[in-house]
Amino acid sequence: MKKIKKTIALCLCIMMLFTSLGCVAFAEEKQFYLVLGDSIGYGSGIRNSKEACYGKIVADTNGYEYSNQAIPGHTTQNLIDRLELEAVKSDVMKADIISISIGGNDFLMNNLYGLMYDAMVAGDLSRFDEIGKGVYKNLSVIIGKIRALNADAVILMQNLYNPQSGYLREPYQQGADRINAAIERYSEDNPGEIIIVDVEAVLNSDMANFASDGVHPSAKGNEEIAKVVLAEISKLDSDAKTE
């Protein structure tokens with residue numbers, strides 16, 4: 001009888017061990033979600049940005065492991081340089097899904113007042129065109145660096161919205177149009193490399209989506225971005241199940 005009890009106890013221990021190992025294996029299968037880019041990805045313009053930015057909302061909603069490597073003020077060239085940092089490279093290598101918000105500062109940090117003058121007074125958009133060409137060139141380098149580290153991650157590339165109303169709206173739109181055209185062109189030239197997340201369409205319809213600084217998404221805007229990112233991820237999951 002004692003021998004039978006010992007055998008049962010041993011079997012139970014083995015079952016518990018395998019159950020425990022199964023739980024550990026399941027926990028290790030969590031997907032890793034990484035945000036790269038500028039102040040939009042960082043969550044500037046809202047309180048408690050680390051918890052309220054769209055990246056954290058997406059990660060919490062889907063139960064992802066999460067890292068946010070976005071830096072306010074960064075341009076496409078800054079992101080190229082940042083992809084040389086070991087901590088960033090490590091996150092890129094681990095990532096299953098990468099959201100990128102970049103390009104707006106290529107416009108905003110490029111003598112904005114001079115660009116406003118060109119667009120509104122001189123009617124000269126040649127510098128806007130040059131910015132767009134630069135974004136395309138740098139985006140090609142950015143995606144190339146990411147792919148060299150991680151060939152399989154899904155790259156969700158956000159386009160640029162226009163947070164302005166009134167007389168500044170038109171020149172801002174000229175900048176956004178050039179950047180978005182560069183993103184579209186890259187996607188067309190490199191099929192399957194990126195998925196464009198249409199943040200412009202989601203945010204531009206309601207000024208409540210923008211913070212009081214007139215540049216960044218509001219808390220509501222971050223929620224709207226999270227929704228459209230989650231929708232794109234859901235499409236990918238649905239496509240994977242049907243294959």
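Hi everyone, let's start with the largest pocket, which holds about 220 Å³ of space. A pocket here is an open set of points on a 1 Å grid over the protein atoms alone, where a 1.4 Å probe fits and protein lies on both sides within 12 Å along at least five of seven lines. The volume is the space filled by probe spheres set on the points, which are joined across faces, edges and corners.

A word on sources: this is a predicted model, with local features needing pLDDT of at least 70, side-chain atom pairs counting only at pLDDT 80 or more, and totals for chains, interfaces and linings using all residues. Residues are numbered from 1 along each chain as its sequence is written, and side-chain values use heavy atoms, leaving out hydrogens and water.

Back to that pocket: 14 residues line it, and Gly104, Asn105, Leu108, Tyr172 and Val215 lie nearest its centre (lining means an atom within 4 Å of a point). Helix α7 gives the largest share, four residues.

Now His74, in the loop between β2 (65–68) and α5 (76–82); helices are DSSP runs of H or I, at least four residues, and strands are runs of E, at least two. Is His74 buried or exposed? His74 is buried, because its relative accessible area is 16%, and buried means under 20%, with a 1.4 Å probe and protein chains only. Leaving aside residues up to four places away in sequence, His74 touches Gly37, Asp38, Leu79, Arg82, Ile102 and Asn105, with contact meaning heavy atoms within 4.5 Å.

Technical notes:
Buried < 20%, exposed > 50% of the residue type's maximum accessible area, 1.4 Å probe, protein only.
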